[in-house]
Amino acid sequence: MKIRALISDVDQTLLDTYQFIYQAFVHAAQKYNLTPITHRQLQDHMGQKLESIYQSFYPKTNPHALAEAHRRFQEENLHLAIPFPNTIQTLQTLKNKGMKIAAVTTRSKRTSLKTLQLAGLIPYIDVVISMEDVPQGELKPHPRPILLALNMLGVPAKYAITLGDTTHDIEAGKRANTKTVGVTYGSLGEKIAQSKPDYVIDDIVEVPPIVGLSL
């Protein structure tokens, strides 16, 4: 069965956005005189909806106000989101071989498109699905974002593969009935294997061989 589409997460999968995300959390906390979350706390919550993370850490505050401060910081610091090594080369290889590519993120459209553009990835991506494109109760790990991307690409799930760095990504891919690939260079490191993806990779350059393509 030939894989015809790649559905990829963005943060910590295509783009190294750790500082882009962490510094935004620090900024929002300081703005409201709160104790910033630790690196470990952030690692344990990556992939979740932003407002839900803030609600979890600061239950007595307004999570929407914190999320707004977070997003404003990111809009002013887009340069902190950079492509991982081999990302551009890998996406270019996939596109040249006829693969369709979608980027699916729980991040807001306010920054998702801009960071992909600045990183030079947009020429290789056919569809971008952001937070605003699906009902708020149907973000990953719900399969809706991936199913929407597949519908827009015109590719059945059985011919697609989902790439991501969190349990939310892998669960969403499984529930959408795609094959799944977990990356160890993202938020969870080698713990991504606990989500039981079909494949585990240490570098995005390993994706083409998985789908039967050569670099």
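## Histidine 70 in helix α4

Histidine 70 has a relative accessibility of 2% and therefore counts as buried. In this predicted model, histidine 70 is part of helix α4. Leaving out residues up to four places away in sequence, histidine 70 touches Ile21, Ala24, Phe25, Ala28, Leu50 and Tyr54.

## Helices α1 and α4

Two packed helices are described by the distance between their axes and the angle between them. For α1 and α4, the axes come within 8 Å and cross at roughly 130°. The two helices are therefore oblique to each other, and their crossing is right-handed. On the α1 side, the contact is made by Phe20, Ile21, Gln23, Ala24, Phe25, His27, Ala28 and Lys31. On the α4 side, the residues are Leu66, Ala69, His70, Phe73 and Gln74. The residues of this contact of α1 with α4 comprise eight nonpolar, four polar and one charged.

## Helices α1 and α3

Helix α1 spans residues 18-31 and helix α3 spans residues 50-57; their axes come within 13 Å and cross at roughly 50°. This makes α1 oblique to α3. The crossing in which α1 passes α3 is right-handed. Ala24, Phe25 and Ala28 of α1 meet Leu50, Ile53 and Tyr54 of α3. By class, the residues of the contact of α1 with α3 are six nonpolar, no polar and no charged.

## The buried face of α3

Which residues of α3 are buried? They are Leu50, Glu51, Ile53, Tyr54 and Phe57. Viewed down the axis of α3, these buried residues fall within an arc of 160°, so they line one face of the helix. The elements that cover the buried residues of α3 include α1, α2 (39-45) and α4 (63-75).

Glutamine 48 is located in the loop between α2 and α3. With a relative accessibility of 28%, glutamine 48 counts as partly exposed. Residues up to four places away in sequence aside, glutamine 48 touches Ile53, Thr106 and His168. Glutamine 48 and histidine 168 are 120 residues apart along the chain, and their C-alpha atoms are separated by 7.6 Å.

## Helix α5 and the residue after it

Helix α5 covers residues 87-96, and its buried residues are Thr87, Thr90, Leu91, Thr93 and Leu94. Around the axis they cover an arc of only 155°, which puts them on the same side of α5. The buried residues of α5 pack against the strands β1 (5-8), β3 (82-83) and β4 (100-104), and against helix α9 (207-210). Glycine 98 follows α5 and has a positive phi, near 90°.

## Leucine 121

Is leucine 121 buried or exposed? At 0% relative accessibility, leucine 121 counts as buried. Leucine 121 lies in the loop between α6 (109-118) and β5 (127-129). Neighbours within four places in sequence set aside, leucine 121 is in contact with Leu14, Leu15, Thr87, Ile88, Leu91 and Leu116.

Leucine 121 and aspartate 44 are 77 residues apart along the chain. Their C-alpha atoms are separated by 27 Å.

## Backbone geometry in the loops

Most residues other than glycine have a negative phi, and most peptide bonds are trans. Asparagine 33 has a positive phi, near 55°. Asparagine 33 lies in the loop between α1 and α2, and at 73% relative accessibility it counts as exposed. Asparagine 177 also has a positive phi, near 70°. Asparagine 177 is placed in the loop between α8 (167-175) and β7 (179-183), and its relative accessibility of 60% means that asparagine 177 counts as exposed.

The peptide bond that joins lysine 140 and proline 141 is cis, with omega at about 20°. Proline 141 is found in the loop between β5 and α7 (144-153).

Terms used: Residues numbered from 1 in each chain as written. Predicted model: local features only at pLDDT ≥ 70, side-chain atom pairs only at ≥ 80, totals over all residues. Heavy atoms only, no water. Axes fitted to C-alpha atoms, helices over the stretch in contact; angles between N-to-C directions. Helix = DSSP H or I, 4+ residues; strand = E, 2+ residues; numbered from the N terminus. Parallel < 35°, antiparallel > 145°, perpendicular 65-115°, else oblique. Left-handed = near helix turned anticlockwise from the far one by under 90°. Contact = heavy atoms within 4.5 Å. Nonpolar A, V, L, I, M, F, W, Y, C, P; charged D, E, K, R; others polar. Buried < 20%, exposed > 50% of the residue type's maximum accessible area, 1.4 Å probe, protein only. Arc of directions from axis to C-beta.
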